[in-house]
Amino acid sequence: MSTTLTNTAAWKSLRKHFNEVKEIEMKSLFEKDENRGKSFKLDELGIYFDYSKHRITDETLSILFDLARERGVEERRSAMFSGEKINTTENRAVLHTALRAPKGSTIMVDGRDIVPDVHAVLDKMADFSNKIRSGEWKGFTGKPIKNIVNIGIGGSDLGPVMAYEALKYFSARELVFRFVSNVDGSDFAEAVVDLQADETLFIISSKTFTTLETMANAQTARNWSLSQLGDQLSVARHFVAVSTNEKDVTKFGIDAQNMFGFWDWVGGRYSMSAAIGLSTMIAIGPVHYQGMLNGLHEMDEHFRTAPLEKNIPVIIGLLGLWYNNFFDAQTQAVFPYDRYLHRFPAYLQQLTMESNGKHVTLDGELTDYQTGVVYWGEPGTNGQHSFYQLIHQGTKLIPTDFIGFKKSLNNLPPHQDYLIANMIAQGEALAFGKTTDEVRAEGVPEKLIPHKVFEGNRPSSTFFLDQMSPENLGKLVAMYEHAVFVQGVIWGINPYDQMGVELGKVLAQNIIPELQYSSKEIHHDSSTNALIELYRK
């Protein structure tokens, strides 16, 4: 990593190559190679990955793979899976992959095999989940639990809520699940508006048990519950914790036996398969939860063992870098054509942007190139009647990922045919567009022709799977996790810290008492002072 990225041989070759192919039309690529659609694809792990509709040639990919090797992607990959402390700024291993390692595996961290620890927590989660699902666990008044409210923020919320929504078809429908993350009091108020405390369980998800937003919501939940149940002893029957801070957990009133721990080698945005997934396991049950872990592990093994040229996450990461650093594309769109994945783009926003939103390399040097890509998206077909206009005919280049399933979990003919026809058509339209001559041939009045021309040449990938399932959700999550890793290695940054979220939190702690006590002097800039004074009034 001592050689800066832009000085590497592969980067220079890629820059030269880009100048040669940047004006190339996808239409001409397909005309020259009638088998391009079958050549530029992978069919692995039940995922058909079509990347033929990209502004790339065989040479483009060859140089991108050279860049990955020159930047040490393979070596860094081995270091991550073996438990080396690749999170150098925090001196930690990065082992979310260990959370889905099967029993009998061996992964050493600081001389300790962590796989038995992982499965001990999973077994504890399964036992608790079964008690809730069966009605064996009773609340303080003897009633079974009907409502589960997960309180967390960041990865402690985005992962669980995304997984619950994605796997809702497999969930226990007699149970109600709510998720509270925002410190805005309306979030909590709406989550419990129709619930009764004697039938409600709160899961407080905070590694440190000190996160401002989570603990504010947790205390409000405690007050709400006690206002109905009256007895402090009731807290132990209606609250559990996902945390490592046993002292503060027990001080809160939660039985330490009902604290589910995890480890500092798991980053929050990579923790949905740790104990943070407790609400997910309660919802879908331990068997389906294990299916999700299996899917995650299958993609882990594919990423770990497949050569770069046949490696799905590697190719995703390299294509993203190609557009970000050479075409100056600022964003990446992800459009799942499945309603159950409607929270998946939001999940990816944290995964990608909190990981690779860095401007300093591992050596502490400022980058002289763009890093993190802005991820965004909505489910199809809703987006087609919203922002697709800009993608098709706007001035910005927005590479797009389409995710679809051959079969629906809810077979209502002809809905799935319409849905997938739209997904496939959008990729075709983006790639090939419609020329002036084609529009004119349709008899469009001359003055309207410019408005109906589609430039095309807009890149997209299509991921086609059989059906939404816990296993396939796991594969999709791990696929993007490892794509993030690939980009981070090439950019020479650390995807596993998040120091950029800290400054605002620190300043907020200073401002809180200034809002609460009008007698307190304020000493900020003129804008901040005026906003504080306005709130005080």
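## Basis of the model

This is a predicted model, in which local features need pLDDT of at least 70 and side-chain atom pairs count only at pLDDT 80 or more, while totals for chains, interfaces and linings use all residues. Residues are numbered from 1 along each chain as its sequence is written, and side-chain values use heavy atoms, with hydrogens and water left out.

Helices (H or I, at least four residues) and strands (E, at least two) are DSSP runs, numbered from the N terminus.

Helix 1 buries Ala-10, Trp-11, Leu-14, His-17, Phe-18 and Val-21. Seen down the helix axis, these buried residues fall within an arc of 125°, so they line one face of helix 1. The arc is that of the directions from the helix axis to the C-beta atoms. Buried means under 20% relative accessible area, exposed over 50%, and partly exposed in between (1.4 Å probe, protein chains only).

The buried residues of helix 1 pack against helix 4 (58-70) and helix 13 (312-325). Contact here means heavy atoms within 4.5 Å. Lys-12 and Lys-16 are exposed, on the face of helix 1 turned away from its buried side.

## Helix 7 against helix 14

Helix 7 (residues 155-166) packs on helix 14 (residues 344-356) at an angle of about 150°, and the two axes are 9 Å apart. That makes the pair roughly antiparallel. Angles under 35 degrees count as roughly parallel, over 145 as roughly antiparallel, 65 to 115 as roughly perpendicular and the rest as oblique. Axes are lines fitted to C-alpha atoms, for helices over the stretch in contact, and angles run from 0 to 180 degrees between N-to-C directions.

The crossing of helix 7 and helix 14 is left-handed: the near helix is turned anticlockwise from the far one by less than a right angle, whereas clockwise would be right-handed. Helix 7 contributes Gly-155, Leu-158, Gly-159 and Met-162 to the meeting. From helix 14 come Phe-344, Ala-346, Tyr-347 and Gln-350.

## Two buried sites

Pro-399 sits in the loop between helix 15 (388-393) and strand 12 (400-407). Its relative accessibility is 3%, so Pro-399 counts as buried. Beyond its neighbours within four places in sequence, Pro-399 is in contact with Tyr-323, Ala-329, Thr-331, Gln-332, Ala-333 and Pro-459. Gly-320 is 79 residues from Pro-399 in sequence, yet 8.0 Å away in space, C-alpha to C-alpha.

His-302 belongs to helix 12 (residues 278-305). It is buried, at 8% relative accessible area. Leaving aside neighbours within four places in sequence, His-302 is in contact with Glu-44, Leu-45, Lys-310, Asn-311, Ile-312 and Pro-313.

## Backbone features in loops

The peptide bond from Gly-380 to Thr-381 is cis, with omega near 10°. Thr-381 lies in the loop between strand 11 (374-376) and helix 15. Another cis peptide bond joins Pro-413 and Pro-414, where omega is about 5°. Pro-414 is in the loop between strand 12 and helix 16 (415-432).

Phe-209 is not a glycine, yet has a positive phi of about 60°. Its loop runs between strand 7 (200-205) and helix 9 (212-229). Phe-209 counts as buried at 4% relative accessibility. Asp-328 also has a positive phi, near 60°. Asp-328 lies in the loop between helix 13 and strand 10 (331-336), and is exposed, with a relative accessible area of 52%.
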